[in-house]
Amino acid sequence: MVEPALSQLETDALRNDRFHLIQAAPVAGSIGAEARELITSSEDIFVFDQSGRKLIDGPAGMWCVNVGHRNQALADTLHDQAMSLTYSTPWYTSNAPAEKLAQILAERAPGDLNHVFLTTGGSSAVETAIRLVQFYNNVRGQPQKKLLVSRQGSYHGSTYLTASLNGRPRDHDWMDGASELVRKLTCPNPFHRPANLSVEAFEDFLVDEFRKLIAHEGAGRIAAFVAEPIQASGGVLMSPPNYLKRMRALCAENDILFIADEVVTAFGRLGHIFASEDVFGIQPDMITFAKGVTSGYFPLGGVMVSERLFAELRRSNHPNANFVHGLTYSSHPIGCAVAIRNIELLEDGLLEHAREIGPYFQEQLRTLEELPLVGEVRGAGLMAGIECVADAKAENPFDLDLTVGKRIDFHCQENGLLVRPLINMCVMSPPLTINRSQIDMMTDALRKGIEATAQDLIREKLW
Ligand code: PMP
């Protein structure tokens, strides 16, 4: 191996054994040289870093460790399943944990979402949903119905097609995508609505924009609308009150499938197994999920599919039409066993706890709105976004140094809290086991972190 010339930074990184690992979302200039916090162990709502610091896991890993870290029951289930049936191929065999999990999910999913295709995570779930939509339209003789509609501000994954749906500010600066297949609507975040529109008028505008798109492209060309009920990685963006219901109705009127991407919102984050119907009052044609289904103890995701869609496939004149789609780790018995046990834990009091504590979490975090740097705190259940602005009262309050989220995270870590930074925002989604005094600790650390960040910005003349 030819040794590359190393900068001091790179030498340090190599010394840390980090040179060879390509981290998620690396910046080209610092691949292998970025010293990320090394997390070494974890316990319930806490993680510990290499220096032994105890930090509240504010984002629950990545919106996923819903039952908390180091759960004995899930660890035992992982072990026991590995020691009974380690693996079975999903291509031409089946296994009991997968079939049982499918039944459990079908019983809990809204409406006629009675079928599930199991995947390895969220991206593969959304990718599977899209491929199934394409297959469905091909089988029913509508091969021209292929356009996918998503929104600015959304995140649906990191495979080529799912990433093409993404619409956060920097998603496509350096990354290509299948843009010919995708149309993006305005981000439905009322905080950034045009100044002259009320929230109601903004909602009308958003629905009308979709209606116009359908008229422009033709309903016969639009296959599906893909939407997170709350845009999570965009900054916990909540749409206007009746937006989702009205978009759902427009889809139904125009034979457009509504895919609810519940990778974050399902499995307890909003206090329910699925949130589409229980929280938002809609019955989608498909629901994608991942993360909380195993509380992050095993990579697993899936897509719930409606009976109606399957009935149409069965009625087709193509008995040999083959949905050539499967993943080696689809229906993985260990993941399915963990998911079953995880759902039992959620239903054994944890969902109830999340519903009970969610309002307190929201209320406490909202007290941060009194800080001059904070423009809005928003969210529902146990997910919240804190957006920083230059001057909340200014006509355009959003012009701000964009490392603010990272700065807040840095200072919060000094106060015992790990935060997920997102440009000028940070998002919080702790394990559902969190209690009131821990929420107080979290709020206190955030307050100190935001105040210290404000002082930095003033000192550096950035604010
Ligand atoms: N959809 C949503 C709504 C997500 O938040 C994410 C991940 N943050 C994904 C899809 C992709 O999931 P994964 O990272 O498991 O592939």
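Visitor: What makes up the largest share of the shell around the ligand?
Guide: Helix 5 (residues 122–139) does, with three residues; helices are DSSP runs (H or I, at least four residues; strands E, at least two), numbered from the N terminus. This is a predicted model, in which local features need pLDDT of at least 70, side-chain atom pairs count only at pLDDT 80 or more, and totals for chains, interfaces and linings use all residues. Residues are numbered from 1 along each chain as its sequence is written.

Visitor: How many residues surround the ligand, and which are closest?
Guide: The shell has 16 residues, and G121, G122, S123, G157 and V263 are the closest.

Visitor: Why are strand 4 and strand 6 called edge strands?
Guide: The open sheet of seven strands runs 4-12-11-10-7-5-6, with mixed pairing. Strand 4 (115–119) and strand 6 (182–185) each pair on one side only, so they are its edges.

Visitor: How do you know that strand 10 and strand 11 pair?
Guide: Pairing needs at least two bridges found by DSSP. Strand 10 (residues 257–261) and strand 11 (residues 286–289) have three, in the parallel sense, so they count as paired.

Visitor: What is in contact between domain 1 and domain 2?
Guide: The domain assignment gives domain 1 (8–70 + 349–459) and domain 2 (88–331). Contact (C-beta atoms, placed from the backbone, within 7 Å) links 29 residues of domain 1 with 19 of domain 2. On the domain 1 side, helix 10 (333–366) gives the most, five residues.

Notes:
Near = placed C-beta within 6 Å. Domains from an automatic or database assignment. Contact = placed C-beta atoms within 7 Å.
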